[in-house]
Structures are given as structure tokens and as C-alpha cells.
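Here's a walk through one model, taking a sheet, a protein interface and a DNA contact in turn. Have a look at the structure, then read on.

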2 protein chains.
Amino acid sequence: MEDRGTFDNLPHKTIARLSQYRRALLLCLSRGKSHIFSHEIASIQHITPVQVRRDLMLIGYSGTLRKGYNIKELINLIGNIIDSEEGIKVAIVGMGNLGRALINYFSGKRHKLSIIAGFDTNPDKIGNTMNGVPCYSATRMREIIEKEGIQIAIITVPAENASQTANELVAAGIKGLLNYTPKPIDVPEYVYLEEYDMITTLEKVAFYVKMKTLEEEDITTI
Amino acid sequence: MEDRGTFDNLPHKTIARLSQYRRALLLCLSRGKSHIFSHEIASIQHITPVQVRRDLMLIGYSGTLRKGYNIKELINLIGNIIDSEEGIKVAIVGMGNLGRALINYFSGKRHKLSIIAGFDTNPDKIGNTMNGVPCYSATRMREIIEKEGIQIAIITVPAENASQTANELVAAGIKGLLNYTPKPIDVPEYVYLEEYDMITTLEKVAFYVKMKTLEEEDITTI
DNA sequence: AAATAATTGTTAATAAAATAACATTGTTAT
DNA sequence: ATAACAATGTTATTTTATTAACAATTATTT
């Protein structure tokens with residue numbers, strides 16, 4: 001019996017934080033640090049040291065007392081947990097501003113996770129390469145996804161095309177979808193779906209700014 | 001005693017969902033619907049009807065039995081809660097692909113929340129207008145923010161400039177920050193900060209795709 | 001007119017996440 | 001050598017968020 005199933009009940013939030021810890025660790029490593037304390041990681045991520053230690057406990061990693069955690073070891077362990085051994089291929093569907101932003105942002109950052117194809121319907125874009133990522137015609141989506149074994153797609157098409165695009169991707173055998181359009185999409189339960197809406201995020205910021213402003217007014221008018 | 005303080009202890013998740021409910025409601029309204037059931041909202045957002053009803057209970061809104069919720073009323077109520085009466089002005093700092101994507105994405109969507117300025121250091125961009133949003137030199141950030149009363153900034157600069165940009169924005173009197181760079185930033189407690197990292201999100205999707213794949217293997221090898 | 005079904009609103013229960021508490025253990029200082 | 005300190009690792013507690021349960025009510029069907 002292998003040990004790989006050990007991590008299948010990690011809290012969702014822990015998964016997200018592990019990714020962030022790794023990013024912080026890679027940065028520290030590149031600056032020549034070899035060890036790091038929980039409170040250092042915590043302060044980078046604006047969380048508490050206890051949270052960090054608890055997460056590391058959950059993945060079974062132990063540091064050294066008064067010396068902290070070995071950065072290289074921890075990076076490797078996090079990689080074993082969240083990365084896929086063979087690597088996962090990703091496609092961007094919709095090579096507009098957001099699609100291109102994601103490619104630039106991502107290129108070469110994670111070798112186990114690489115964007116290898118972009119799709120668009122605009123003939124001016126098809127055939128070009130952006131940051132090493134070729135742009136194909138959206139009509140060839142299924143073909144390329146199957147041929148290349150692409151497992152994840154990021155949807156950055158105009159909102160009105162979101163659900164049709166999603167359907168095509170599911171039909172092409174995609175395993176995970178990340179939807180950046182403001183239009184919620186439906187997928188079968190065997191496809192992992194994550195949706196992110198920038199308007200909601202901005203409205204949330206606006207709400208808390210409003211609340212802070214109201215609080216201040218209350219204080220000054222007492 | 002006014003009633004506006006009533007909503008200052010709504011759960012964070014409820015705030016985010018209210019924004020999403022409103023979006024769904026606006027869509028339904030534009031299609032000529034006048035009322036909607038909790039399960040309809042729920043299915044658009046991939047959540048449960050109970051969750052919807054509970055959120056609406058928290059904001060004190062009542063529907064009609066067997067008829068559902070009045071869409072217009074609910075849109076107005078959500079607006080009263082999350083929007084700021086006078087409106088809030090937003091700036092985009094960094095007019096690269098992501099900055100431009102946000103502007104296109106957002107333009108004219110919410111009249112109480114509008115992006116009215118962009119900043120960049122690239123002379124080719126300064127002086128241009130994108131989707132009605134003028135791009136100013138980053139050196140004028142403080143001046144414009146103060147003059148226009150901009151309260152929220154979205155940071156879409158290259159990661160290496162993130163923290164300096166944040167410091168300048170805080171010094172300029174910004175109240176809320178939305179950081180889209182992969183570099184966590186520090187702000188004083190009186191500034192509301194929200195950070196979003198696309199790599200983390202994608203890695204999370206990759207993790208769950210990996211888990212699903214492993215599960216399937218387990219099943220087929222029993 | 002009675003029974004059934006559909007829906008809301010609310011309380012109660014459960015689950016998930018975060019935080020606190022604290023025992024343990026090396027390290028440094030006295 | 002001892003005391004004080006600074007860190008980890010883990011259990012317990014609290015808080016936050018979600019889900020379940022169900023009473024109440026109205027519309028629809030028989």
C-alpha cells in the first residue's frame with residue numbers, strides 16, 4: 001500500500017496556503033536562506049505562526065527547534081503533495097488581455113504545471129506565439145487537447161461564450177476548469193471547477209472600505 | 001440612531017455571495033423576470049437554496065411564499081448594503097495586460113464603483129485612454145488620487161514593484177487595496193487589503209485534478 | 001373542501017477553520 | 001549548572017460557515 005493517499009483529506013485552505021508557502025520559500029531560497037521560522041513564513045503571508053505550524057503538522061513535516069524549517073526539504077515536500085509527478089498541461093481559452101496576462105505571469109514559473117496552448121477565434125491571433133505559447137484556432141480545441149493530453153483549461157473568453165466553451169472543453173475530456181468569466185458555468189461532477197470573479201472581489205473591498213469609513217464617522221461624531 | 005450599522009457583522013462569505021446574487025439577479029431582470037426562487041439563485045451559483053435563504057434572512061429580506069423574491073427589491077437592498085451611497089472611485093496601477101483586462105471587464109458595470117484612472121511608467125501608455133480610462137504617469141499618483149478622491153487601488157504592476165507601489169498608495173491616502181501581484185504586500189491596519197494570486201488558484205485546481213486521477217486509479221486497480 | 005405540494009424563514013446541528021493553550025526541547029546567558 | 005528564552009508540535013477551544021430539520025403558509029389539485 002502506497003502512501004500517496006495520505007493527503008486526500010487536507011483542508012482546502014491548507015492546500016491553498018501550501019502553494020503560497022512554497023512561493024515564499026522559493027523566494028527565500030533564491031536569497032540564500034537555508035532555514036526559516038514559522039513566524040517568518042507567517043508574516044510574509046499575513047497569517048499567524050500557529051497556522052503555519054498546524055499546516056506543516058498536517059503534512060507531517062518537522063522542523064528543528066530553534067533553527068526552524070529546512071527550506072529545500074519543505075519545498076520538495078510541498079511539491080510532492082501538490083504537484084503531479086508527471087506534470088500537468090494547461091490550456092488558455094481566450095487570448096485576450098486576461099489570457100495573455102496569465103501566460104506572462106505564469107511562464108516558466110512551475111515546471112510541473114505548464115501552459116502549452118492557447119485558443120482563440122480571432123484569425124489575427126491564430127498562428128502567433130505568445131511567450132512561447134502557440135495560439136490555435138478554437139475549432140481545434142478538442143484535437144489539440146486530446147493529442148497533447150491537456151488536463152486543465154483556463155477560461156478567459158467573453159462572458160457570453162463561457163458556457164459553450166465549457167461544454168466543449170468537458171466534451172474534449174478536460175479534468176479541471178478555472179473560470180475567470182463573470183458567468184458561472186455548469187460542469188459534470190467529475191470535472192473540478194473553480195470560479196473567480198473579479199467584480200465580486202472588488203465589490204468586497206468596496207464594502208469593507210465603506211464600513212471603515214462609517215466606523216470613522218461614528219467615532220468622530222460621538 | 002440610524003440603521004446603517006446593522007450590516008457590519010455579516011459573514012465575509014455572505015458579502016461575497018451578495019455581490020454574486022446581485023449579478024445573477026441583474027441578468028434575470030434583463031431577461032424580463034420579476035421574481036425568483038431561492039433554488040434558482042442557488043443553482044446559478046452552485047450552492048444550496050438554504051444558503052441563499054439564510055443569507056437573505058441575515059440581510060432581513062423576505063420573499064413571498066410560493067412566489068419567491070422580488071428581483072428589483074432585492075437588487076436595491078443588496079445595493080444599499082454593499083454599495084457606498086456616494087460611489088467609490090478606483091484606480092488601476094499598472095496598465096499591462098491584466099490592468100487593461102480589468103478595465104474592459106469592468107467598464108460601466110457598476111455605477112457606484114468606477115475605475116477612473118490608470119497609472120503606468122511606460123511613456124507610450126501615458127496620455128492614452130483605454131475604454132474611457134485615462135492613463136497617467138505613475139509619478140502623478142498621489143496628486144491624482146488626492147484630487148479625485150480615489151479610495152481604492154488595484155495593483156497590477158510587475159511583482160518586483162509591488163511593495164513600493166503599495167507604500168506610495170498608502171501614503172497617498174488610499175483606503176482599500178487589491179493586490180494581483182504574486183508578491184504579498186504589507187499595509188497599515190487602517191487599509192483594507194485583499195490579495196489574489198492566480199498561481200495559487202491554478203495549483204489548487206491542479207491538486208484536485210491530481211487527486212481525482214489517483215482516486216480513479218485506485219478504483220480501477222481494486 | 002380537503003389533501004398535497006412547494007416554498008419561505010428560522011432554529012438546531014454539524015462541519016470546517018482558526019486560534020489559544022501549553023508541554024517539550026534545545027540554546028543562550030548568567 | 002541553572003535560569004530564562006525562543007522555538008516547535010499537538011491537543012483543546014472557539015469561531016465561522018454550512019447544512020439539516022422543520023414549522024408555517026399559500027397555491028394547486030382532486
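Let's begin with chain A of this predicted model, where seven strands line up in an open sheet with mixed pairing, in the order 5-6-4-3-7-8-9. The edges belong to strand 5 (129-130) and strand 9 (192-195) of chain A; each has a single partner strand, so one side of each is left without a neighbour in the sheet. For strand 9 of chain A, the pairing with strand 8 (residues 176-179) of chain A is parallel and runs over four bridges. Within that stretch, A:L177 sits opposite A:L193 of strand 9 of chain A.

Now for how the two protein chains meet. Chain A and chain B each put 76 residues into the contact. Together they bury about 6,800 Å², and 63% of that is on carbon and sulfur atoms. Salt bridges between the two chains come to eight. One of these joins A:K204 to B:E194, with the closest N and O atoms 3.5 Å apart.

Which element gives the most to the side of chain B that touches chain A? That's helix 8 (residues 198-220) of chain B, which supplies 19 residues. Sorted by class, this side of chain B has 39 nonpolar, 16 polar and 21 charged residues.

On to the DNA. There are 23 residues around DNA strand D, and the ones that come nearest are A:S38, A:S62, A:G63, B:R17 and B:L65.

| Residue | Protein atom | Distance to a phosphate oxygen of DNA strand D |
|---|---|---|
| A:S38 | side-chain N or O | 2.6 Å |
| A:G63 | backbone N or O | 2.6 Å |
| B:R17 | side-chain N or O | 2.8 Å |

Both chains supply helices here: the elements giving two or more residues to the surface near DNA strand D are helix 2 (38-45) and helix 3 (49-58) of chain A, plus helix 1 (12-30) and helix 3 (49-58) of chain B. What classes of residue make up the surface near DNA strand D? The tally is seven nonpolar, nine polar and seven charged.

Definitions and conventions. Residues are numbered from 1 along each chain as its sequence is written. Chains are lettered from A and ligands numbered from 1 in the order in which they are written. This is a predicted model: local features need pLDDT of at least 70, side-chain atom pairs count only at pLDDT 80 or more; totals for chains, interfaces and linings use all residues. Side-chain values use heavy atoms; hydrogens and water are left out. A residue is near a molecule or strand if one of its heavy atoms lies within 4 Å of it. A polar contact is a pair of N or O atoms within 3.5 Å; within protein, one must be able to donate a hydrogen and the other to accept it, and residues adjacent in sequence count only if both atoms are side-chain atoms. Ala, Val, Leu, Ile, Met, Phe, Trp, Tyr, Cys and Pro count as nonpolar, Asp, Glu, Lys and Arg as charged, and the others, Gly among them, as polar. Contact means heavy atoms within 4.5 Å. Buried area is the accessible area (1.4 Å probe) that two parts lose on being put together, summed over both. A salt bridge is a side-chain nitrogen of Lys or Arg within 4 Å of a carboxyl oxygen of Asp or Glu. Two strands pair if DSSP finds at least two bridges between them.
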